[in-house]
Amino acid sequence: MRGNDTRGPAAARQQEENRYRALVEVTSDWIWEVDPKGRYTFSNRAVADILGYAPEEVLGRTPFDFMPPAEAVRLAEVFSTIAAAKKPFSGLENINLHRSGRQVVLETSGVPVFAEKGEFRGFRGIDRDVTARKKFEEDLRKARDGLEKKVKKTTLEIEAKQTILQQEINIRKQIQAELAQSENQFRSLVETLNEGFGIVDAEGRLAYVNGKFLEMLGYARSEVLWKKIGDFMDKRNLRLHKKQLVMRRKGIETPYEIQFVTKDRRSITTIVSPRATFDANSRFQGSFAVITDISTMKITEKALRRREQQLREKTLRLQEMNTALEVLLRKREQDKTIIQKRILVNLKRLVAPHLDALAGTRLSERQRFLVDILKSNLSEVISPFSERLTSVQIDLTRSELEVANLIRLGKSTSQVAAALNISYKTAETHRWRIRKKLGLTHKKANLMSYLSRLQDHP
């Protein structure tokens, strides 16, 4: 397309300037310029999204003003070395504070800027928010949703700024002196991107690609330039690309997923965020796009889906085991009930008659008293009194249950003490504690009568 351009050098420079300004204002990365003292002299609007500050709020301030104190000290030492060398740098990670107070991790790259006579003017560079990347491993399940939201957000931002961008381009036509440098500025910026970037003409031929995109495909620049981008796709993705080219001609710029074939015949999955370009007469001139490699994310998503299926199968097996255990527990309770019933029947048949026979013999008063207690206790084992009493007050001790049983049978404190071989004072203490636990401390209710009602009523 360039060989057919007859509009002259000024028009060509204007077009290159437009491309540069379009990239600067629509990219989600923070593009900036600083003077030799490190003070911001230019910032695009992306700083508002990244740190929460308007561009005019950062001008005149240094990067260290937006960092935690310890980080500012660390970065000041690192940047002093970079500034002294006056050389390009890239991938410099640093922690900044968002206006809201949260921490934001940025990846900074830049190139030195010199005047025509070689005078050092500062640095021009790009900051990328890599906070999400730092959390990538723990956010794998949410990575795809986050990426889609980011793409949608970027698309909305581009659409919202389209009108403003066109107005700014018209206003800045008078800046003719800077047009000669615009292409070099454009190239130096996109070459620092960590994502692929390419420009195609109206026929879909690659007019420019950055180093990252060449790295993704595995080709040298000479093997790619002015080749049709469809030459690096299989048939299925070529059909998708042709449909997208038709949409670009109509000005439709929705991000989409597509696969490229690398030089070593591998397939890589990417998300392409395109932007169409038109001349002053609204004629389609081509498009440029940021290309993000999501192949690793696709592999991770597949592994996650496989793991989720394994977990579902394991959960199903656990549910089946739980059902089997519930059946076994119910059977255990049934067996326990049967055994209890058998024990009660044996006590009635084998023990109670002998106690009755013993009571009919000649016994001393002490012996008869003890036999009566045995018969009463056996009756309690067979009857539900103790169970009812413990269900009413589950914190009665074993000794208190024995005392309560004797009181219900009408035994005095002296008789209780003699039967249990304890002191009179201890028996009185047990009686007081039983009344307290049954809530009778401040009532005139008779303890024997109260315990008898527990025997008679469930």
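## Lining of the largest cavity

In this predicted model, the lining of the largest cavity comprises 14 nonpolar residues, four polar residues and one charged residue. These amount to 19 lining residues, and Ile229, Tyr256, Val272, Ser287 and Ala289 lie nearest the centre of the cavity.

At least two residues each come from strand 6 (196–201), helix 9 (235–249), strand 8 (256–261), strand 9 (267–278) and strand 10 (284–293).

## The second largest cavity

The second largest cavity has a volume of about 180 Å³. Its lining consists of 17 residues, with Trp32, Tyr40, Pro63, Phe79 and Thr108 closest to the centre. By class, 12 of the lining residues are nonpolar, four are polar and one is charged.

Strand 1 (30–34), helix 4 (69–85), strand 3 (89–97) and strand 4 (103–114) each provide at least two residues of this lining. Strand 3 makes the greatest contribution, with four residues.

In total, the model contains six cavities of 30 Å³ or more.

## A buried arginine without a salt bridge

Arg435 is part of helix 15, which spans residues 424–437. The residue is buried but forms no salt bridge. The nearest side chain of opposite charge belongs to Glu428, at 9.1 Å, whereas a salt bridge would require a separation within 4 Å.

Beyond residues up to four places away in sequence, Arg435 is in contact with Leu440, Thr441, Lys443, Ala445 and Leu447.

Key. Residues numbered from 1 in each chain as written. Predicted model: local features only at pLDDT ≥ 70, side-chain atom pairs only at ≥ 80, totals over all residues. Heavy atoms only, no water. Buried < 20%, exposed > 50% of the residue type's maximum accessible area, 1.4 Å probe, protein only. Lys, Arg positive; Asp, Glu negative; His and termini not counted. Contact = heavy atoms within 4.5 Å. 1 Å grid on protein atoms, 1.4 Å probe; cavity = no way out; pocket = protein on both sides within 12 Å on 5 of 7 lines; lining within 4 Å. Points joined across faces, edges and corners; volume = space filled by probe spheres on them. Nonpolar A, V, L, I, M, F, W, Y, C, P; charged D, E, K, R; others polar.
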